[in-house]
Amino acid sequence: MCENKKNIYVVDDDISVCRSLGVLLETYGFSPELFSSGESFLEAVPFDVPGCLILDIHMPGMDGWETLKEVVRSGSKRLVIIISADKNGGLRERALAMGAVGFMHKPFNNQELFDLIEGSFENKKP
């Protein structure tokens, strides 16, 4: 369990995935905010607000790649974990090269996601 409630944001156009991730993250002690699009996330959360963004790649409108580019371009220090059901090769490498701290294929192991989030927060401390 994390010691304090860190800002966690989930962006996925599949509402069932978004809600499931929200419930999962709450069981690990987080207080996630859920968004169904990159646009709605970027409009609602200022770039200087810290936290971790769990971001799906394939979404209508602004996809995950575009959203990640915008987060990086803004200078935000927010951690980004890319998630995707897409099994095409090279996605992990592309995500990490673009500035994400991790990549996970759906469906993923819950504990592995939690460990990636916690490890990313720990590595980010000054």
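1. Two residues are said to be in contact when heavy atoms of theirs lie within 4.5 Å. In this predicted model, Glu70 touches Leu42 and Phe47, leaving out residues up to four places away in sequence. Glu70 and Leu42 are 28 residues apart in sequence, while their C-alpha atoms are 8.5 Å apart in space. Glu70 itself belongs to helix α3, which covers residues 64-73. With a relative accessible area of 23%, Glu70 is partly exposed, because that class lies between the limits of 20% and 50%.

2. The overall architecture may be described next. The protein contains five helices and five strands. Followed along the sequence, these elements give the pattern β-α-β-α-β-α-β-α-β-α.

3. The dimensions of the model deserve a comment. For 126 residues, a compact globule would have a radius of gyration near 14 Å, and the value for the protein is 13 Å, which agrees. The C-alpha trace spans about 35 × 30 × 25 Å along its principal axes. Of the contacts between residues at least 6 apart in sequence, 65% join residues at least 24 apart.

4. Buried residues account for 48% of the 126 residues.

5. How many of the five residues of β3 (residues 52-56) are buried? Five of the five are buried, and the strand is thus described as mostly covered. In a regular strand, side chains alternate between the two faces of the sheet. In β3 both faces are covered: Cys52, Ile54 and Asp56 are buried on one side, and Leu53 and Leu55 are buried on the other.

6. The pairing of β3 involves strands β1 and β4. Strand β1 (residues 7-11) runs parallel to β3 and is joined to it by four bridges. Within this pairing, Ile8 has Cys52 of β3 as its bridge partner. Strand β4 (residues 79-84) also pairs with β3 in the parallel sense, over five bridges. Here Leu55 is partnered by Ile82 of β4.

7. Most peptide bonds are trans. The bond from Lys106 to Pro107, however, is cis, with omega near -10 degrees. Pro107 lies in the loop between β5 (102-105) and α5, and Lys106 is placed in the loop between these elements as well.

8. Is Lys106 buried or exposed? Lys106 counts as buried because its relative accessibility is 15%, and the limit for this class is under 20%. Apart from its neighbours within four places in sequence, Lys106 is in contact with Asp12, Val17, Asp56, Ile83, Ser84, Ala85 and Lys87. One of these residues, Asp56, is among the buried residues of β3. Another, Ile83, is 23 residues from Lys106 in sequence, with 6.5 Å between the two C-alpha atoms.

9. A last point concerns helix α5 (residues 110-124), where Ser120 is located. Ser120 counts as buried because its relative accessibility is 7%. Which residues does Ser120 touch, not counting those up to four places away in sequence? They are Leu79 and Val101. Strand β4 covers residues 79-84, so the reader may look for Leu79 within that range when examining the contacts of Ser120.

Key:
Residues numbered from 1 in each chain as written. Predicted model: local features only at pLDDT ≥ 70, side-chain atom pairs only at ≥ 80, totals over all residues. Heavy atoms only, no water. Helix = DSSP H or I, 4+ residues; strand = E, 2+ residues; numbered from the N terminus. Rg over C-alpha atoms; globule rule 2.2 N^0.38 Å. Buried < 20%, exposed > 50% of the residue type's maximum accessible area, 1.4 Å probe, protein only. Pairing = 2+ DSSP bridges.
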